[in-house]
Protein chains: 2
Amino acid sequence: MSTPQRARRAPRPTGEDRQRAIVDAVEDLLRTRPLAEISIDEVAAAAGLSRSAFYFYFGSKQAVLLELLDRMVAEVDARLAALPLPDEPSRDWWRSCLAVFVDVFGAHRAVSVSLAEARATVPELREEWSRRLAGWVDLTTATITAEQRRGRAGAVVDARATSVLLNTMNERAIAASLAGEEPSLPPGSVLDALTDLWCTAVYGTPDP
Amino acid sequence: MSTPQRARRAPRPTGEDRQRAIVDAVEDLLRTRPLAEISIDEVAAAAGLSRSAFYFYFGSKQAVLLELLDRMVAEVDARLAALPLPDEPSRDWWRSCLAVFVDVFGAHRAVSVSLAEARATVPELREEWSRRLAGWVDLTTATITAEQRRGRAGAVVDARATSVLLNTMNERAIAASLAGEEPSLPPGSVLDALTDLWCTAVYGTPDP
DNA sequence: CGATGCTCTCGACAGGCTGTCGAGGGCGTC
DNA sequence: GACGCCCTCGACAGCCTGTCGAGAGCATCG
């Protein structure tokens, strides 16, 4: 919850890289077990400091996860913003959008998987995710609506409902795949399968 | 984890309705907060017994949730089995299948929502859910494949991948709706939206 | 009718984890 | 060389969990 006051660009051993060390340690540990099974002792040890030093930087381990989530969604948004906006979205364009999610979530597997676990108990996490998800839903809705106005997207009944469903599917399907749950899609084929389904949901065919 | 040895059909105050009382108490409490924030003290108090009496019946609060999940999925499977098997699935048939999930999950909102939280930490829960989900995915895949053989289901590239995605979408979309997350679909419109998307994913049009 | 056994209940204990506090330790500055 | 700031530490209190042994009620059997 709390953030450190500041830090000077330290000569050697100190500073805000302690904070970074904590965040990295949590991401490492999350690769081995869920957040609930990670104690702050372990995090502190992995980051090379004492337990109470941890509390100087973060109010809880959940706050660290929130930081991790912030980094991840910021990366998603940055890469989405860098994507070209075509006059008429093609399958390739949709695919490249979806690839952003698949890639970034995959690069932060531990965070993606932990989200579902921690969302129930951490309001800040839930709200932050809601905000970002809402943004992506708006984007999707706008794109679909534009396609409808062009006379395409014939398969869509309710653009907003479709967008919500497709985006929530993304979240869960990618997380399940990364966690290796059964049944789920192997990580290598998630992107193509999602693209097929998104295009079908919008245009009625996987390759419009 | 453990189950009580037995119970006689008690005259008045005793028996296995203690066990039922525990399960019901957990479901009640889950309506107000996530499992992680519920202590066994509270459960025992709500069920009218002492904390260690709780441990006579269940090994942990997670074991109670597993019991709750078992009940719920059993109900789903029972109602799915009662559904007629048509020669050619219509939109109405798909809708009535989806209605089973929407209805039963909705009737056990607390359980549906808690699943995502607890799955990360409770292997038995994860495995049980995987088993059931796999069954529904198989059912979906078989149905789609049959449609493909009939020359319908033209929109489907990979029947299994489509089935996995549609079923995982169901899970998450219904849970989000029941939890009142934002963005999500209002509970009243989930069923129609899901039906539209399932039909579109399979046939290329929401109303085949 | 009393002994035995089973089911079930309880209070108490030990251990682990969390979050907080006050006491400093180094280091730059005046 | 005294002060102040950033940071670190050990210790404490509190909560929750899981386990144990000691029984209470009740049925069955000798």
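The same surface serves both copies: 100% of the contact residues of chain A recur in chain B. Contact here means heavy atoms within 4.5 Å.

The model is predicted: local features need pLDDT of at least 70, side-chain atom pairs count only at pLDDT 80 or more, and totals for chains, interfaces and linings use all residues. Residues are numbered from 1 along each chain as its sequence is written, chains are lettered from A and ligands numbered from 1 in the order in which they are written, and side-chain values use heavy atoms, with hydrogens and water left out.

Next, the cysteines. With a disulfide taken as a pair of cysteine sulfur atoms within 2.5 Å, the count over all chains is zero. Cys97(A) is in no disulfide; the nearest cysteine sulfur belongs to Cys199(A), 10 Å away. Cys97(A) is buried, at 13% relative accessibility. Buried means under 20% relative accessible area, exposed over 50%, and partly exposed in between (1.4 Å probe, protein chains only). In chain B, Cys199(B) is in no disulfide either, and the nearest cysteine sulfur is that of Cys97(B), 10 Å away. Cys199(B) is buried too, with a relative accessible area of 1%.

One annotation remains. In an unreviewed entry, UniProt lists residues 39–58 of chain A as "DNA-binding region". Such annotations may be inferred rather than shown by experiment; positions follow the numbering used here, and feature names are shortened. The span is 75% helix and 0% strand, and its end C-alpha atoms lie 14 Å apart. Helices (H or I, at least four residues) and strands (E, at least two) are DSSP runs, numbered from the N terminus.
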